[in-house]
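Hi everyone, thanks for coming.

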Amino acid sequence: MAEIAQDGGGGGHKKGPGVKKQARKEARVDMTPMVDLGFLLITFFIFTTTINSPKAFKLNVPDDSAKDEEQTQAKASGAFTVLLSKGNHVYYYEGQLQSDGSNFKSSNFKEIRNELLRKKASTAEKDLVVIIKPNEEANYKNVVDMLDEMQILEIKRYAVVDIAEGENALIRVTEGSSPTPAAGGK
Amino acid sequence: MSKLNKIARKSTWVDMTAFVDVSFLILTFFMLATKFKPPEVVNIDNPKSVSSDKVEDKDVFKVSFDKNGRVFISFSADKDGREKAQLTAEVLGRQKGLGLTPAEISNFVKFSSGGIGVPVTQLKSFLALSDAEYKAFKQPGIPVSDTLNNQLNDYINALLTGTGGRKPANVMLNGDNGTTYPYFKNVLAAFKKNGIFSFKLITAMEGVPTGTPLYKRQKEQGGQAK
């Protein structure tokens, strides 16, 4: 530090008489183009960034070829069947479907959680099994939402099963469309 | 008069240093946070779930279906994925008598990272496409709707035959919100038929709703961990 000061003192920095004061150069740089470019890049990266990286949802499916006696039998009292149809409609019934369809109820994705919670609270854990039956008009989102609901409500036993014709007919009646024999559907 | 002039001549220069500092900080953040999406030929809108597991990107076999029910398969672009794609193409060509040339098989490997969705019968002509043609080509999807002609089954069977029954570490299902259930069911049927009973669905993250059993448990565990 001292050296520098000395050096400065000994050098020609002292303005003697006749030495013209050097014109101070402006130290500022015009940064506008740099800022322009910077923001252009920011915009680019904002648009290309995927902050929400996808998540993996583990799913295990049973082996259909297992023999009948090996398959898990659901106790009727602990069964809760959820039927999914088009337009995010949810229908459900508890236990077995009455032949007159009296316990067949219509619901939606918000209310079904409360129904499932109520069922979960009133049923022994080992008996509770939720059966998810999407019909051919239900979409993938509904199915995944329902599987997700099982995670949210911590229901351990659930199954995705094909819908029965009678149940599908009930949905059609409820939806107001004429109960066409669903031969066109798969 | 002179006073007025002085005011008018005031410099309009604004010190932008701080501004530049902040903007470059943001720029750096986005540059580091960006992970480029691998090129996909299909546009898929995933459903949401509360699951928080990361999606693996090594040794992946992925089946995708878009909202029109077009089914695609893809392999990850790493060594394991390429090797499996190669084996699939070789075995499938042999099983179905397609007579694929080595160039076509290498094309299969190349296209497989973006997605392959053509019926087995069209595979040979599809693999003759150039890169640019591949991008522009609208693939019809692998037919799955007919249970007797579920060709996804053929692809998966070829894959597992090629690897000698060794399953890819990550079997993923990448489905679109709007796909109707039968497509999902048929894809599942092809998986089950080949003995794949455990796989992962690709979903977008969603918060756990408050007050639900999972929320309570996670909160408890969070409290214990601390």
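Let me begin with a term: two strands pair if DSSP finds at least two bridges between them.

Some housekeeping before the details. This is a predicted model, so bear in mind that local features need pLDDT of at least 70 and side-chain atom pairs count only at pLDDT 80 or more, while totals for chains, interfaces and linings use all residues. Residues are numbered from 1 along each chain as its sequence is written, and chains are lettered from A and ligands numbered from 1 in the order in which they are written.

Chain A, then. Its secondary structure comes to five helices and six strands, and from the N terminus on the order is α-α-β-β-β-β-α-β-α-β-α. Of its 186 residues, 21% count as buried; buried is 20 or more other C-beta atoms within 10 Å of a residue's own, exposed is 12 or fewer, and partly exposed lies in between, with C-beta atoms placed from the backbone. For contacts, the rule is that two C-beta atoms, again placed from the backbone, lie within 7 Å. Among contacts in chain A between residues at least 6 apart in sequence, 62% join residues at least 24 apart.

Now look at the sheet. In what order do the five strands of this open sheet in chain A lie? The order is β4-β3-β2-β5-β6, and the pairing is mixed. The edge strands are β4 (105-107) and β6 (158-160) of chain A, each pairing on one side only. On average, neighbouring strands are turned by 25° against each other, direction ignored. Angles here run from 0 to 180 degrees between N-to-C directions, and axes are lines fitted to C-alpha atoms, for helices over the stretch in contact.

Zoom in on β2 (residues 79-84) and β3 (residues 90-94) of chain A, which pair in the antiparallel sense over five bridges. A:Phe80 stands opposite A:Glu94 in β3(A), and A:Val82 stands opposite A:Tyr92. The hairpin of these two strands has five residues between them, and there A:Gly87 takes a positive phi near 65°. On to the next neighbour: β3(A) and β4(A) pair in the antiparallel sense over three bridges, with A:Tyr91 opposite A:Ser106 in β4(A).

Why is β3(A) largely enclosed by the rest of the structure? It is because four of its five residues are buried.

Let's move to where the chains meet. 41 residues of chain A are in contact with 49 residues of chain B. On the chain A side, α2 (32-48), β1 (55-60) and α4 (140-152) each supply at least two residues, and the largest share, nine residues, comes from α2(A). By class, this side of chain A has 21 nonpolar, nine polar and eleven charged residues. The classes are simple: Ala, Val, Leu, Ile, Met, Phe, Trp, Tyr, Cys and Pro are nonpolar, Asp, Glu, Lys and Arg are charged, and the others, Gly among them, are polar.

β1(A) joins strands of chain B. Six bridges link it, antiparallel, to β6 (residues 198-205) of chain B, where A:Phe57 has B:Leu201 as its bridge partner. Two bridges join β1(A) to β2 (residues 53-54) of chain B, and these also run antiparallel; there A:Ala56 is partnered by B:Asp53.

And the helices? The axes of α2(A) and α2 (residues 17-33) of chain B come within 9 Å and cross at roughly 30°. That makes α2(A) roughly parallel to α2(B), since angles under 35 degrees count as roughly parallel, over 145 as roughly antiparallel, 65 to 115 as roughly perpendicular and the rest as oblique. The crossing is left-handed, meaning the near helix is turned anticlockwise from the far one by less than a right angle; clockwise would be right-handed. Residues in this contact include A:Phe39 and A:Phe45 of α2(A) and B:Phe24 and B:Phe30 of α2(B). Overall the contact has 14 nonpolar, two polar and no charged residues.

That's my tour, so over to you for questions!
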